[in-house]
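I opened this notebook to record what I looked up in the structure. The entries follow the order in which I checked things.

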Amino acid sequence: MKRFFLFAGISISLTSKIFAADGDSIWAVPIIHDIYLNYSQTDYWDSLVNTHVTDTYMQTTMIFDGRTMIVGSKFKGNSSYNNPSNKKSFKIDLNYYDSTQRYDGIKKINLNNGFKDPTLLREKIALDFMRAHGVNAPRCTYARVFLNNVYWGVYTIVEDIDSKFLKQNYPDNNGNLYKGDPSGDFRWYGSTPSLYYSHYELESDSNYTSWNDLVHIIKIANNTSTATLYDSLETVFDSWSFLNYMANVNAFVNLDSYIGSGHNYYTYDDSNYTHFRWIAWDVNESFGNFNLGMTISQLENLNYDYLDQPTSRPLANNMLANSNYRQMYIDAMCNVMQDFNNAYLDPIIDSLANAIRADVYADTLMTYTTQQFEDDIVADIQVPGGPGGGWIPGLKSFITARNASLTSQLSPLGCWTNVNETNINAEQLSVYPNPSSTTASVHIPSGMKGNAIQIRITDVSGKEMFNENFNSQSSETFNFSTEQFPNGMYFLTLSDAENGAAAVKFVVSH
């Protein structure tokens, strides 16, 4: 029987869902999928171990929710692979043997084993939250995975950052995609591209300036004065995509990221706007589970602008030294804090835990016990032993303490709060696309239709950016340009004599 869970903070009915985007049948439905990986090879386990060493794929029969395909599979990961359990993570290439084969338009998926997470919730919660708050991030859901018909446990299915992801999220997929691994800390090593080959991975090469574009942005980030950094970096960088990412990983204290370990991200130089876009990746260490030698209390009270070894994280360090970028970062942190609280996250945690609980209890290869699964949802636990041991923050207790700390830190900086609305339901009001790069639209709520409406846009400091009267009798949608707005967060307020004012947040990201 299919079990349903709270998805992106709302309840979704499968009967009403119309699949529109590639991959929606995987990630846009709140169910646990069934994936069978069947191997005909003798000693297939030894062969899988060998493919991890050689980084090659192995022929596999995959049955995904009843559909049978011949695919390539291999073990993936480093620490997740080296954990003592046989529950390894997989990368699945659906078109490895047939270049035309897709599953709902998708070519690759990642099956992650949840190593180091007793709850198996961290990755799903963090990715969903980031996507809901404007971060470029992959989609994530759950699957029961079987190897040769033997139940192998609960896995997360994470979207691959490939040409399909780029095409669905950006105007094109023809630019250069770089992975910030193994040590993509954005330090300047010189103008010769080969000096960066050992620090980054060029995942797609569609541009004759391969590597030169990366070297160029790293040069600007490192060698530009603080006073002129904003003007220079804005010509090549979607700065909001990075600062918003940084705010989210800080709130979740995901230190196995650029702000901590200095890697685990992608950056994409799109060919339409020639601006680098920042993409989150590998967030399974969220909720303070990668501690860099800190106690749980230190993690919960981490500075809002924390950087491990700041001079070795020059992109973030130099941007935060610039007043424009620091204010944008504070705006991003304030936006995150609207929802980083127990009222928003606890129902999602409970719904997800309820959905996977029976499958977790049946998962004999899981690193942790079922009691540790239950306990770590609400409180810190201590686990003896090697990898995956030590003190592990509890999800709900961490949210409570982290929210209190960040609220205390950000209040003196002028964090704005939710705008009070009058007679208009917030769910009726939205700006799309959000984030916007050139133009955006707002659909007039039903209660305001036919009225004379004032439309006002302000930045987070209250500075008016736009003010115009609109007669909604002529149209139910108001379209406006965002090209003249700097990257950042804005309020759009609709008001009329009958309803008063209603406001919605939106992001501009060029």
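This is a predicted model: local features need pLDDT of at least 70, side-chain atom pairs count only at pLDDT 80 or more; totals for chains, interfaces and linings use all residues.

Residues are numbered from 1 along each chain as its sequence is written, and side-chain values use heavy atoms, with hydrogens and water left out.

I placed Tyr 97 in the loop between β4 (89-93) and β5 (108-112), where helices (H or I, at least four residues) and strands (E, at least two) are DSSP runs numbered from the N terminus. Tyr 97 is partly exposed at a relative accessible area of 39%, on a scale where buried means under 20%, exposed over 50% and partly exposed in between (1.4 Å probe, protein chains only).

I then turned to salt bridges, defined as a side-chain nitrogen of Lys or Arg within 4 Å of a carboxyl oxygen of Asp or Glu, and the count came to 20. One of them joins Asp 22 and Lys 164 at 2.7 Å, N to O; Asp 22 lies in the segment before α1 (24-27) and Lys 164 in helix α5 (residues 163-169), so this pair ties together parts that are 142 residues apart in sequence. Asp 22 is partly exposed at 26%, whereas Lys 164 is buried at 17%.

I also noted Asp 55 with Lys 74, whose closest N and O atoms are 2.6 Å apart. Asp 55 sits in the loop between α2 (44-54) and β2 (58-64), and Lys 74 in strand β3 (residues 67-76), 19 residues apart. Here Asp 55 is exposed, with a relative accessible area of 53%, and Lys 74 is buried, with 9%.

Last, I checked helix α12 (residues 342-361) against helix α13 (residues 370-378): their axes, lines fitted to C-alpha atoms over the stretch in contact, come within 11 Å and cross at roughly 175 degrees. With angles running from 0 to 180 degrees between N-to-C directions, and over 145 counting as roughly antiparallel, α12 and α13 are therefore roughly antiparallel to each other.

Methods. Angles under 35 degrees count as roughly parallel, over 145 as roughly antiparallel, 65 to 115 as roughly perpendicular and the rest as oblique.
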